[in-house]
Amino acid sequence: MTTEVPQTSEGRGGRLVTGPGLLLVWLYGVMSVGAVSRSAYQIATEFAHAPLAYSLSAVAAVVYAFITYTLVRGGESARRAALVCCAAELVGVLTVGTWTLADPSAFPDTTVWSDYGMGYLFIPVLLPVTGIAWLRKRAAAV
């Protein structure tokens with residue numbers, strides 16, 4: 001009878017939370033908490049005021065939380081999933097950012113991604129770019 005020893009993140013293709021990856025995890029974790037808190041409060045108290053904006057903030061929260069999870073989990077499949085999510089996040093930030101500038105009346109209130117994340121010091125647009133660069137570098141290292 002053999003027992004399988006669970007593989008660590010090292011055994012699944014390498015750690016993603018070394019060096020700059022640790023900062024990414026921290027930033028995505030902070031953004032997750034902020035976006036979840038903000039969207040939950042806004043959806044619970046003022047959803048009728050700006051349903052699109054508040055729903056998009058909730059989507060951002062889910063994306064941030066998933067990327068945080070995959071970075072902590074580590075391994076090649078998690079790296080690929082995080083890479084896809086970072087790319088989707090970047091598309092979302094660029095789309096919503098452009099939309100909020102082109103048609104401000106569509107958003108009676110801001111989202112995390114409004115104006116490319118200006119209300120969050122542009123972290124929402126810088127984070128996926130940095131994440132993509134880090135995750136691609138980690139792929140080359142493996």
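First, the ground rules. The model is predicted, so local features need pLDDT of at least 70 and side-chain atom pairs count only at pLDDT 80 or more, while totals for chains, interfaces and linings use all residues. Residues are numbered from 1 along each chain as its sequence is written, and side-chain values use heavy atoms, with hydrogens and water left out.

Now the fold. The protein chain has four helices and zero strands; helices (H or I, at least four residues) and strands (E, at least two) are DSSP runs, numbered from the N terminus. From the N terminus, the order is α-α-α-α. Of the 142 residues, 39% count as buried, where buried means under 20% relative accessible area, exposed over 50%, and partly exposed in between, with a 1.4 Å probe and protein chains only. Take the contacts (heavy atoms within 4.5 Å): among those with a separation of 6 or more, 69% are between residues 24 or more positions apart.

Next, how do α1 and α2 pack? Their angle is about 150°, and their axes lie 8 Å apart. Axes here are lines fitted to C-alpha atoms, for helices over the stretch in contact, and angles run from 0 to 180 degrees between N-to-C directions. The two helices are therefore roughly antiparallel, a label for angles over 145 degrees; under 35 is roughly parallel, 65 to 115 roughly perpendicular, and the rest oblique. The residues of this contact divide into 15 nonpolar, six polar and two charged. Nonpolar covers Ala, Val, Leu, Ile, Met, Phe, Trp, Tyr, Cys and Pro; charged is Asp, Glu, Lys and Arg; the others, Gly among them, are polar.

On to the core. A nonpolar core is a set of buried Ala, Val, Leu, Ile, Met, Phe, Trp, Tyr and Cys residues joined through side-chain atoms within 4.5 Å. The largest one has 31 residues, and Y28, Y64, I67, L71, V112, W113 and L135 touch the most other members. Helices α1 (20-46), α2 (51-73), α3 (76-102) and α4 (123-141) each supply at least two residues, with the largest share, nine, coming from α2. Leaving out residues up to four places away in sequence, L135 touches L16, L71, R79, A82, L83 and C86.

Two more residues. Beyond four places in sequence, S57 touches A35, R38, S39, T110, T111 and V112. V91, in helix α3, counts as exposed at 53% relative accessibility.
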